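Here's a quick briefing on charged side-chain pairs. Have a look at the model below, then we'll go through the pairs one by one.

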Amino acid sequence: MKKIQLLALATLITMAFSCKQAKKEADAASEGLEEAVEVVKEEIAEVTSIKFQLEPKSDSNVSGEVTFTEENGSVVMNASLSGLTPGEHAIHIHEKADCSSADGKSTGGHWNPTFQPHAQWGAEGGYHKGDIGNFTADAEGNATKSFSTDEWCIGCGDETKNIVGKAIIVHQGVDDYTSQPSGAAGARVACTGIIQ
C-alpha cells in the first residue's frame with residue numbers, strides 16, 4: 001500500500017511540476033509575442049507618407065500628384081503627371097515651399113543645402129540634393145517618375161536631408177545636367193509645396 005501511495009504522490013508531484021513548467025513556457029511565449037507586436041508597431045510607426053497635388057504654372061495645363069514615403073531610412077518619391085507636352089521634362093526640388101507666383105519662381109532655386117554644383121544625381125563632382133533629373137511624357141502628355149534615396153528625410157532634424165518646407169517643380173524642358181546653376185530646363189510648368 002505504501003508503494004502505491006508513494007507512486008501516487010510521485011505522480012502528483014510530477015504533474016504539478018509539469019503544469020508549473022507549462023505555465024512558465026506559456027508565459028514566456030506570451031511575453032515573446034508581446035515583444036514581437038511592439039517591434040511591428042515600431043516598424044509601422046517608422047513609415048511616413050505625404051501626398052501633394054501639383055498645380056499648373058506659367059499658363060500650362062500640367063497637373064498631378066507627388067507622394068513621398070519614408071521607410072527604413074530611405075525616401076521614395078512617386079510623381080504622376082498629366083497635361084505635359086510629349087517628350088522629356090525635368091523635375092527638381094526647389095528651396096522654398098511657396099508656389100504663390102504665376103511662374104513658380106517664388107520657390108527659389110534648386111534645393112542645394114551642401115553647396116554643390118548643379119549636375120546629374122550621383123555625379124562624382126557633386127550635385128544638388130534637389131537634382132532629381134528628367135522623365136518622359138507620352139504622346140497624351142502623361143508621365144510618371146519614381147526616385148528613391150537615403151539622402152532625403154521627411155521632417156528629420158538634418159537640414160541637409162529634410163525635404164519639408166521645400167517645393168517640387170516640373171519644368172517645360174530638359175535638364176542638361178551642366179548649365180549652372182539649374183540645368184537650363186526652361187519654364188516652371190507645375191509646382192507643389194512640401195509642407196508636412
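Which residue forms a salt bridge with Glu55, and how far apart are the closest N and O atoms? That's Lys57, with the closest N and O atoms 3.0 Å apart. Keep in mind that this is a predicted model. The count comes to three salt bridges, and here's the rundown.

**Lys51 and Glu65**
- The side chains of Lys51 and Glu65 pair up in a salt bridge, at 3.8 Å from N to O.
- Distant parts of the chain get linked here: Lys51 sits in strand β1 (residues 48–56) and Glu65 in strand β2 (residues 63–71), 14 residues apart.
- Lys51 is exposed because its relative accessibility is 53%, and the cut-off for exposed is over 50%.
- Glu65, at 27% relative accessibility, counts as partly exposed.

**Lys129 and Glu151**
- Lys129 and Glu151 make a salt bridge too, with 3.9 Å between the closest N and O atoms.
- Lys129 lies in the loop between β4 (87–94) and β5 (133–137), while Glu151 lies in the loop between β6 (143–149) and β7 (166–171), so the pair ties together parts 22 residues apart in sequence.
- Lys129 is buried, with 9% relative accessible area.
- Glu151 counts as partly exposed, at 22% relative accessibility.

How values were computed:
Residues are numbered from 1 along each chain as its sequence is written. This is a predicted model: local features need pLDDT of at least 70, side-chain atom pairs count only at pLDDT 80 or more; totals for chains, interfaces and linings use all residues. Side-chain values use heavy atoms; hydrogens and water are left out. A salt bridge is a side-chain nitrogen of Lys or Arg within 4 Å of a carboxyl oxygen of Asp or Glu. Helices (H or I, at least four residues) and strands (E, at least two) are DSSP runs, numbered from the N terminus. Buried means under 20% relative accessible area, exposed over 50%, partly exposed in between (1.4 Å probe, protein chains only).
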